[in-house]
Amino acid sequence: MNRSSNAQTTQKPVNLDDIWSELVEGILQVFEQEKSLTRSQYMRFYTHVYDYCTSVNAAPSGRSSGKTGGAQLVGKKLYDRLEQFLKSYLSELLTKFKAISGEEVLLSRYTKQWKSYQFSSTVLDGICNYLNRNWVKRECEEGQKGIYKIYRLALVAWKGHLFQVLNEPVTKAVLKSIEEERQGKLINRSLVRDVIECYVELSFNEEDTDAEQQKLSVYKDNFESKFIADTYAFYEKESDAFLSTNTVTEYLKHVENRLEEEKQRVRGFNSKNGLSYLHETTAGALKSTCEQVVLIEKHLKIFHTEFQNLLNADRNDDLKRMYSLVALSPKNLTDLKTILENHILHQGTEAIAKCCTTDAANDPKTYVQTILDVHKKYNALVLTAFNNDNGFVAALDKACGKFINSNVVTIANSASKSPELLAKYCDLLLKKSSKNPEDKELEDNLNQVMVVFKYIEDKDVFQKYYSKMLAKRLVNHTSASDDAEAMMISKLKQTCGYEYTVKLQRMFQDIGVSKDLNSNFKEYLANKNVTTEIDFGIEVLSSGSWPFQLSNNFLLPSELERSVRQFNEFYAARHSGRKLNWLYQMCKGELIMNVNRNNTSTVYTLQASTFQMSVLLQFNDQLSFTVQQLLDNTQTQQENLIQVLQILLKAKVLTSNDNENSLTPESTVELFLDYKNKKRRININQPLKTELKVEQETVHKHIEEDRKLLIQAAIVRIMKMRKRLNHTNLISEVLNQLSTRFKPKVPVIKKCIDILIEKEYLERMEGHKDTYSYLA
């Protein structure tokens with residue numbers, strides 16, 4: 001049959017009654033599915049619809065619809081008959097469904113019938129394709145309500161005539177199946193999935209006749225809301241029952257399993273089960289409901305108590321499990337962080353208190369190692385059990401900062417004891433010793449030092465002690481490794497900046513310059529044909545970089561005085577205008593002592609300080625002196641001389657009839673001619689108690705002075721930038737700016753403000769006494 005037409009031909013009108021009997025028989029065959037349509041049948045039915053829709057049937061001019069073009073009216077009649085057929089067919093189906101008893105049978109029949117109906121509707125939609133593309137499309141474009149494509153019409157009919165009646169018993173049957181599955185029974189998941197797919201398919205907007213996007217209203221209103229309510233009730237009851245008969249740790253494992261089960265019920269990327277049945281949009285509501293009921297709202301207090309117990313028992317695996325569950329709702333981690341912080345603080349404080357029984361205040365290695373042991377333990381816990389969570393890292397840092405800066409050692413001594421002991425521990429690591437570790441181990445130890453250093457509040461105190469000990473190592477040539485010293489300074493520089501380490505780096509430069517200076521001095525003496533009786537070495541230190549104080553004057557032995565004079569002349573010739581101040585307390589030398597016994601001469605080498613040398617060299621002239629004579633000959637202070645003599649008497653180099661602890665100016669000391677020692681080189685160079693006391697007092701004095709200068713500098717910087725600032729904000733900014741160096745005390749800041757006002761850097765504003773302005 002030729003379908004083409006031109007302006008001169010017309011097609012004979014097709015009467016709907018003539019084709020409907022055959023068409024409805026074919027449609028019924030499609031829906032009953034007792035026998036499949038053949039290809040020729042399908043094409044014949046399609047042709048009937050096409051012929052009918054394309055036939056010209058002139059409409060009367062005065063019809064009520066007000067539309068022109070008879071094709072629209074022809075399509076309407078066919079559309080109405082199809083709609084009526086679907087209603088009749090579904091009414092018969094509903095009668096059959098009402099006779100069904102039993103949830104599983106209902107689900108089975110419902111899903112089977114739904115899938116059959118859905119398929120049949122698709123076939124019918126294909127047969128009526130021309131109707132969809134023309135008449136239905138035109139009606140929708142003109143805003144006609146209640147007109148749908150044939151597949152959508154079939155769904156609307158199912159929704160209105162079957163679903164509205166059956167949705168409650170079907171939904172009830174689905175929810176019962178899910179509850180049975182939660183109780184451990186096997187269910188037919190495919191039935192549940194098919195019902196839910198039906199709900200999703202029916203979730204279209206009937207007002208939007210041509211919309212393809214699903215709104216999920218049927219699914220959410222008729223299933224999801226009831227499912228979430230059932231889930232809440234089920235787990236509320238189960239969690240209470242489980243906790244009443246099991247431990248919290250067992251409950252945690254149970255919760256993990258339950259959450260995984262619920263996740264597998266939802267279709268989507270996280271599901272590993274091909275028969276997952278819940279729509280992916282349910283995941284959020286289901287996850288929130290399970291976590292709130294099982295974990296957050298109902299049992300969090302029990303978790304807090306158990307969390308502390310698990311920390312006490314070091315149950316890291318259970319701690320990890322609890323964290324991972326509570327972290328599903330991050331806002332509930334706050335209390336766990338607080339518990340962890342308090343626990344670490346308690347453990348750190350207790351550990352230091354225990355080690356204090358072994359005098360940790362004077363044993364820097366024990367003190368620092370105790371801190372590191374606590375940190376290492378809980379850092380590993382935070383890393384593994386708490387997934388290195390920023391909040392738990394912060395809790396660890398706060399706790400460590402508290403117990404390192406405030407513990408029994410700092411309370412018994414001073415707040416600056418921790419940085420002092422840490423600096424002394426560095427000195428032990430970096431000083432030459434028979435126990436010096438390998439380079440790799442030393443680097444690891446220095447990294448550990450920096451871990452503790454990070455928590456030290458008074459970093460300026462550490463700097464003072466570290467620089468003093470570094471200076472002694474450099475001057476006495478007792479550094480284990482120049483590379484290690486440079487590495488430590490580099491680490492401090494990275495943490496605190498250039499200004500913090502600039503003096504330490506200059507010390508190294510001075511030692512390097514001094515090596516060249518010694519070579520030049522020897523050349524200078526050689527050029528002048530000056531022979532020296534002693535091997536004389538010198539180190540010139542910049543006064544602003546080294547933490548040494550000028551020594552008390554005393555009469556230098558003639559044996560040393562000549563070399564000192566020669567170097568002064570050499571240095572003055574090279575650097576006019578510079579003045580050398582000799583630090584005799586830092587000087588040392590070696591004396592050769594010959595002891596004749598039984599016609600045998602034994603030579604001993606004594607490593608002594610300059611003060612000790614000045615005393616011992618006196619005995620080249622005579623074998624016995626009173627203390628007063630030695631005072632006159634050395635011109636030193638009596639207190640210092642007494643301490644020098646006590647050291648020499650203890651070393652048995654000298655002897656006296658008086659007790660070494662009760663020497664007076666009249667006491668007599670003699671050279672011990674019968675001196676014996678297994679060693680041939682003996683180090684008798686020990687620091688004087690008075691020097692140590694002065695040194696300690698000087699360090700603390702300098703710290704306070706330097707702090708005042710730093711506070712004043714910070715105030716000036718802030719005010720120079722701000723121009724005007726009230727008192728509270730100025731205090732706050734000063735505290736913030738200096739927090740990396742030390743924690744300033746507010747009264748000291750106030751005092752520094754007053755000093756700067758006196759120096760006319762600042763002034764109080766008239767009418768605003770709590771506000772300062774900067775004076776350029």
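At roughly what angle do the axes of helix H6 and helix H8 cross? Hello everyone, let's start there. The axes of H6 (residues 150-182) and H8 (residues 217-245) cross at roughly 25° and come within 10 Å. Helices here are DSSP runs of H or I with at least four residues, numbered from the N terminus. Axes are lines fitted to C-alpha atoms over the stretch in contact, with angles from 0 to 180 degrees between N-to-C directions.

A quick word on the model: it is predicted, so local features need pLDDT of at least 70 and side-chain atom pairs count only at pLDDT 80 or more, while totals for chains, interfaces and linings use all residues. Residues are numbered from 1 along each chain as its sequence is written, and side-chain values use heavy atoms, leaving out hydrogens and water.

Back to our pair. H6 and H8 are therefore roughly parallel to each other, a label for angles under 35 degrees. Who meets whom? On the H6 side, the residues include Phe163, Val174 and Ile178, and on the H8 side they include Phe223, Phe227 and Tyr235; contact means heavy atoms within 4.5 Å. The residues of this contact divide into 9 nonpolar, 4 polar and 6 charged.

Now for two loop residues. Most residues other than glycine have a negative phi. Asp314, however, has a positive phi near 55°, and it sits in the loop between helix H10 (283-312) and helix H11 (316-326). His477 also has a positive phi, about 55°, in the loop between helix H18 (459-475) and helix H19 (482-496).

Terms used. Angles under 35 degrees count as roughly parallel, over 145 as roughly antiparallel, 65 to 115 as roughly perpendicular and the rest as oblique. Ala, Val, Leu, Ile, Met, Phe, Trp, Tyr, Cys and Pro count as nonpolar, Asp, Glu, Lys and Arg as charged, and the others, Gly among them, as polar.
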